[in-house]
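Please look over the sequence and the structure shown here before reading on. The briefing that follows takes up a few features in turn, grouped by topic.

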Amino acid sequence: LLLMDETASALDAFTSAACQRLFLDIWTKHRVTSLFITHNINEAVSSARTILLMDKESKKITKTIENHAFGAEDIDKLKLSSEIMHFFEDTKHEAAR
């Protein structure tokens, strides 16, 4: 079991991308169960098969999204699934209110 809490929060974009590639290499080789905690949408999409979203106030899981882009060979070219895109668009509109 690999537990990772805000692993790239203090890294620049280049180093963060290199760490994501390293994680994918390790995961591909060992298929280790991993739990990431992050506020970075790009990190979540590039590092997770399943994304759990939590409510800020209640701290409860409000949405589970299956990420079909996980494991793509070139993480720089990942395309978000339509479900993920719709969720984040809806979230941006709610935050703007």
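In this predicted model, N67 sits in the loop that runs between β4 (61-66) and α3 (82-96). Although N67 belongs to a loop, N67 is buried, because its relative accessible area is 4% and the limit for that class is under 20%. A polar atom of the N67 side chain lies 2.7 Å from the backbone oxygen of A48. The points below turn to the aromatic pair, the paired strands and two further loop residues.

**The aromatic pair**

- The structure holds one aromatic pair, which is formed by F23 and F36 in an edge-to-face arrangement, with 4.8 Å from centre to centre and 85° between the planes.
- Because F23 lies in helix α1 (residues 13-30) and F36 in strand β2 (residues 34-37), the pair ties together parts of the chain that are 13 residues apart in sequence.
- F23, the partner from the helix, is buried, with a relative accessible area of 7%.

**Strands β1 and β2**

- Strand β1 (residues 2-5) pairs with β2 in the parallel sense, and the pairing extends over four bridges.
- When neighbours within four places in sequence are left aside, I37 is in contact with M4, D5 and E6.
- I37 counts as partly exposed because its relative accessibility is 44%, a value that falls between the buried limit of 20% and the exposed limit of 50%.

**Loop residues with a positive phi**

- R31, found in the loop between α1 and β2, has a positive phi of about 50° although R31 is not a glycine.
- R31 is exposed, with a relative accessible area of 51%, and the cut-off that places it in this class is over 50%.
- K59 has its place in the loop between β3 (50-54) and β4, and K59 likewise has a positive phi, of about 65°, without being a glycine.

Technical notes:
Residues are numbered from 1 along each chain as its sequence is written. This is a predicted model: local features need pLDDT of at least 70, side-chain atom pairs count only at pLDDT 80 or more; totals for chains, interfaces and linings use all residues. Side-chain values use heavy atoms; hydrogens and water are left out. Rings of Phe, Tyr and Trp (its six-membered ring) pair if their centres lie within 6.5 Å; planes under 30 degrees apart count as stacked, over 60 as edge-to-face and the rest as tilted. Helices (H or I, at least four residues) and strands (E, at least two) are DSSP runs, numbered from the N terminus. Buried means under 20% relative accessible area, exposed over 50%, partly exposed in between (1.4 Å probe, protein chains only). Two strands pair if DSSP finds at least two bridges between them. Contact means heavy atoms within 4.5 Å. A polar contact is a pair of N or O atoms within 3.5 Å; within protein, one must be able to donate a hydrogen and the other to accept it, and residues adjacent in sequence count only if both atoms are side-chain atoms.
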